[in-house]
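Here is a short briefing to read beside the sequence and the 3D view. Take it topic by topic.

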Amino acid sequence: MSTHPLLQIDNLSTHYVSARGTRVVRAVDDVSLRIDAGETLGIVGESGSGKSTLALTILRLLPPAARVASGRMLFEGEDLLAKSDAEMRRVRGKRIAMILQDPMASLNPLFSIGDQVAEPIRVHEGVGRAAAWSRARELLKAVRIPSPQTRLLQHPHEMSGGMRQRIVGAIGISCEPRLLIADEPTTSLDLTIQAQYLNLLRELQRAHGLALIFITHNLGIVAKMCDQLAVMYAGRVVESGPVRQIFNAPAHPYTQALLNSIPRMSDNRNRLAAIDGQPPDLVALPPGCAFAPRCPSAFDRCRESPPSQLTFGDQRTVRCWLADAGSDAADSQVRKGAA
Amino acid sequence: MSLQTEAVGLPSRFDIIRIEGFPLLPVLILGGIAFVAIFANVLAPYDPEIGSLAARFRPPAWQVGGSGEHLLGTDHLGRDVLSRLIFGARVSMVVGFTAVIVAGVIGTGLGIVSGFLGGWVDQVIMRITDTWLALPALTFAIFLTAIVGPSEMNIVIILGAVYWTRYARVIRGEVLSLKEREFVKLAIVAGCSKRTIMARHILPNVLNSAIVLGTLMLGVVIVTEAALSFLGVGVPPPKPAWGLMLADGKKGMMVGYWWLTVLPGVCIMLMVLSANLIGDWLRVKLDPQLRQL
C-alpha cells in the first residue's frame, strides 16, 4: 500500500463530443499525475485549460456530453474508471471529497447547519441523527466555529461568508476523506478571509493526513499551499514537479510567462507583463505544441508536431521541444527563464 | 428564541399578518366556509337530504310567505336551503382541497423527476404533459366521469388527473434552475443518491411554488367541481353540492324562486374569489422579485 501513490492518473483524456459527434473538444488530453497521501498538489492554468474538467473526471461527475477517451485513474490501488455508479457514490464524499468553486452558495438555505454537516455522515456511515449531529458539532469545533451548539441549529443566512466557507470545509472533511479536491475555493472571498481559510485548510490537512488537490489560477496561493505543482495549458499538463523547483527554474515557456506575469512590489515597470495572444480554441488545436503561437521561443518543430512528455531531474516533467532538443539548449532556456 | 428575536427588532413570524395588502376579507370568508364545513352537523338546522313535501318552495324568512323555520327557504322537495348550503360547503371544501392535493402530489412528483433526471425521462413526461394540456379540462373531466361513473371520490381523482399538468410544468422549470445551484452540486459531490437529493434538496425548495400554485388552483378546481355537478356528472344527488343545487334550482328561476339559484351561486363565487385573492397575495409574498416592485 505504501508504495502506491494515493491517486495515480495515467494518460487520462476527457473529451466533450458534440451531439452529432462532429466536434470534439479535448478538454483533458493525455494527463498523467500522481499525488501521495498527505501531499498537496496545485493545478494551475487559465480558464478553459481543463482544470475543472480534470476534477470532475476524478469524481466521475462529467456532464453527459463528456467522455473519458482513454487513461487510467488508480485511487488507493483501485481503478476509479472501472467502478459502478453505486460504488462511485460510496467513494464521493467518503474517500474523495470536493469543495466547490462558490462555497458561499453551497449550502441549502432551507436546512439548518447541523442537518447539512451531518448529511454526508448519515449517507455514508448510516449512523443515526443524534450521533451524526454530535459528530457535526465536533467538526464545527475543528473548523473553529464559535459556540458550535448554537450554530448547528441556525440556517445559512444567519452566518457570515467566512463562516459559511468554513462550514463547507467541515462538510468536506466530515467523513474523513483521504483526498480533498478544492476547486478555486477562495475566489469568492476577500483577502483576509482567504488567508484564514487557507491556514485552516492546511491545519486540517495536517491533522487528518489528507491529500489535497488545489485547483487555482493564483500562483501566490500555490506557493503558500502546495508541495507539487502541475501547470495545465489547453488540456495538457505542460509542466509538473515540486513547487520550489518550478518556481526557481521553470522549464516550460508558458510557466515562465505565468511567473513573469505576477506583479511585484519591487517592480518599477509601468506595464504589467502579459502573455501575448489568446488561449487556443480547443476544437481546432494547432498541429504542433498548443502554446507555440504565443511562445516567444517557438521554432519550426514546435509548429509541426506536439512535444511528448519528458521526465527530468527529480520527479519533474515538461512538454516542450526546447527541453527535448538536447540538454544544452534546454538548460540554457531554463537558465534564461529563471534569470 | 422568539423573545430574543423580538428584543433585537427582527421580524417575528407573526409579522405576516401586518404585511400590507394582506387579504383579510378573503381569509375570513374562506376561514368561515371552512368553519361551517367542519361543524356542519352542529350548525345545520335540518337534515340536508330529507325534506317535507308539505313545505315546498318556501321563500326566505324576510320575504312575504317566509318564516323563521326556514331562514333561507326550501327547495322543490321541501329541503331546507340553509342546511344544504352548509353541507354543500363541506363537499366543496373536501373535493377542492383533496383534488388540489392529489393534483399537486402527482404534478410535483413528475415535475421534479422530469426536471432533475432530464434526458429521455424529461422528454417522455413533458410530451405527455403537452398532450394533456392540449385537451380542454372540463370536457376531459366529463369524459373521464362518463367512464368511471360519478361519486365524490371519483371526482377528486378525476380533478387530480386533469389538473396535475400545471404543477408538472411549473415545478420542472424551477427544478431546472435549482439543480444548477451549488448546494445541489455539493450534495452530488458528497455522494448522495439521486433519490436523496430530489427528496431532501429539491422538494423542500419547490414547496413554496407548489403551495402558491395550489391556492390558485383551488378556485379552478372548485369551479370545475361545481360545473361537473351542475352538468350531472359530478357529485351525485341527493348529496348537497352547490353546483347540484344550482342545477336543481334553475327551472324555478323563471317563476321567482330566485333563492334556489342565487344563494349557491353567491357561495361558489365568494369561495373562488377568496381562494384566488389569497393565491395572488401568496404568489407576490413568496416571490422575492415581485415583492420588490
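Read along the sequence, what pattern does chain B follow? The pattern is α-α-α-α-α-α-α-α-α-α-α-α. Chain B has 12 helices and zero strands. The model is predicted.

**Chain B overall**

- The C-alpha atoms of chain B fill a box of roughly 75 × 55 × 30 Å, taken along the principal axes.
- Chain B has 293 residues, and buried residues make up 40% of them.
- Take the contacts in chain B between residues at least 6 apart in sequence: 69% of these join residues at least 24 apart.

**Where chain B touches chain A**

- The contact takes 20 residues from chain A and 15 residues from chain B.
- On the chain B side, helix H8 (182–189) and helix H9 (194–230) each supply at least two residues.
- H8(B) gives the largest share of that side, with six residues.
- By class, the chain B side has seven nonpolar, five polar and three charged residues.

**Helix H8 of chain B**

- Why is H8(B) described as largely enclosed by the rest of the structure? Six of its eight residues are buried, so the helix counts as largely enclosed.
- The buried residues of H8(B) are Phe183(B), Val184(B), Leu186(B), Ala187(B), Ile188(B) and Val189(B).
- Their cover includes S6 of chain A, along with helix H7 (152–178) and H9 of chain B.
- Just after H8(B) comes Gly191(B), with a positive phi of about 90°.

- Strand S4 (residues 66–75) of chain A pairs with S5(A) in the antiparallel sense, over two bridges.
- Which residue of S5(A) stands opposite Leu74(A)? Asp79(A) takes that place.

- S11(A) pairs with strand S12 (residues 316–318) of chain A in the antiparallel sense, over three bridges.
- Within that pair, Leu310(A) has Val318(A) in S12(A) as its bridge partner.

**A helix pair in chain A**

- Helix H3 (residues 113–125) and helix H6 (residues 161–172) of chain A pack at an angle of about 25°, with their axes 8 Å apart.
- That angle makes H3(A) roughly parallel to H6(A).
- H3(A) makes the contact with Ile113(A), Gln116(A), Val117(A) and Pro120(A), while H6(A) uses Ile167(A), Ala170(A) and Ile171(A).
- By class, the contact has six nonpolar residues, one polar residue and no charged residues.

**Positive phi in two loops of chain A**

- Glu76(A) is not a glycine, yet its phi is positive, about 50°.
- Glu76(A) is found in the loop between S4 and S5 of chain A.
- Is Glu76(A) partly exposed or buried, and what count decides? Glu76(A) has 17 C-beta neighbours inside 10 Å, so it counts as partly exposed.
- Arg144(A) is not a glycine either, and its positive phi is about 60°.
- Arg144(A) is found in the loop between helix H4 (129–142) and helix H5 (148–153) of chain A.
- With 13 C-beta neighbours inside 10 Å, Arg144(A) counts as partly exposed.

Terms used:
Residues are numbered from 1 along each chain as its sequence is written. Chains are lettered from A and ligands numbered from 1 in the order in which they are written. This is a predicted model: local features need pLDDT of at least 70, side-chain atom pairs count only at pLDDT 80 or more; totals for chains, interfaces and linings use all residues. Two strands pair if DSSP finds at least two bridges between them. Helices (H or I, at least four residues) and strands (E, at least two) are DSSP runs, numbered from the N terminus. Axes are lines fitted to C-alpha atoms, for helices over the stretch in contact, and angles run from 0 to 180 degrees between N-to-C directions. Angles under 35 degrees count as roughly parallel, over 145 as roughly antiparallel, 65 to 115 as roughly perpendicular and the rest as oblique. Two residues are in contact if their C-beta atoms, placed from the backbone, lie within 7 Å. Ala, Val, Leu, Ile, Met, Phe, Trp, Tyr, Cys and Pro count as nonpolar, Asp, Glu, Lys and Arg as charged, and the others, Gly among them, as polar. A residue is buried if 20 or more other C-beta atoms lie within 10 Å of its own, exposed if 12 or fewer, and partly exposed in between; C-beta atoms are placed from the backbone.
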